[in-house]
Amino acid sequence: IFIITITWVSCITTNGVVQCIDPCATYTVVNDAWRSTENTDQTILHCDRNIVWSGWYRFYLGQTSARMPEKCVAENRCGADVPLWITEPHPVQLNEIVNRTVCNAWSGSCCHFVSHTIQIKVCSGYYVYKLQQPTACWLAYCTGKVLW
């Protein structure tokens with residue numbers, strides 16, 4: 001399997017056959033209220049390492065599109081001990097796909113555990129994410145409101 005990302009589509013080659021999709025049209029919805037940066041409830045902790053992330057994802061908080069925070073999130077938020085956030089801004093040009101580093105807040109550090117890279121695409125009014133498995137447990141992707 002060979003994966004290529006061209007400016008606005010994501011292509012995968014399997015056994016010599018190339019298939020390209022537009023992530024803005026083909027994504028999985030993630031609508032978990034516990035992922036909110038406002039959530040400080042630690043009753044149930046979540047672990048995104050236990051999820052097999054495959055393809056592209058669009059975050060919602062209720063009926064509203066959401067996006068990952070671009071600044072360090074305080075520990076013990078987003079339904080996890082260690083919230084995940086991106087270190088650089090989201091893309092701004094329609095259909096642009098960028099790589100972004102994901103960091104994690106723990107033990108007084110905004111990037112305590114090993115970071116990893118995800119892809120983000122800006123669509124018409126929302127973002128989609130090609131998420132990767134975090135490096136440890138009790139880490140979870142955070143979401144906040146989309147500000148356009």
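Me: Which strand is Thr-117 found in?
Reply: In this predicted model, Thr-117 is found in strand β9, which covers residues 116-122 (strands are DSSP runs of E, at least two residues, and helices are runs of H or I, at least four, numbered from the N terminus). Residues are numbered from 1 along each chain as its sequence is written. As the model is predicted, local features need pLDDT of at least 70 and side-chain atom pairs 80 or more, while totals for chains, interfaces and linings use all residues, and side-chain values use heavy atoms, without hydrogens and water.

Me: And what does Thr-117 touch, leaving aside neighbours within four places in sequence?
Reply: Thr-117 is then in contact, meaning heavy atoms within 4.5 Å, with Asn-99, Arg-100 and Gln-132. The C-alpha atoms of Thr-117 and Thr-101 are separated by 4.5 Å, although these residues are 16 apart along the chain.

Me: OK, switching to Asn-39: where is its place?
Reply: Asn-39 sits in the loop between β4 (28-30) and β5 (57-61), and Asn-39 is buried, at a relative accessible area of 16%. The Asn-39 side chain reaches the backbone nitrogen of Asp-41 at 2.9 Å. Beyond its neighbours within four places in sequence, Asn-39 is in contact with Trp-34, Asn-76, Arg-77, Cys-78 and Gly-79.

Me: Where does pLDDT stay under 50?
Reply: Over residues 1-6, where pLDDT is the predictor's confidence in each residue, from 0 to 100. The mean for the protein is 91, and 93% of its residues reach 70 or more.

Technical notes:
Buried < 20%, exposed > 50% of the residue type's maximum accessible area, 1.4 Å probe, protein only. Polar contact = N/O pair within 3.5 Å; in protein donor to acceptor, adjacent residues only side chain to side chain.
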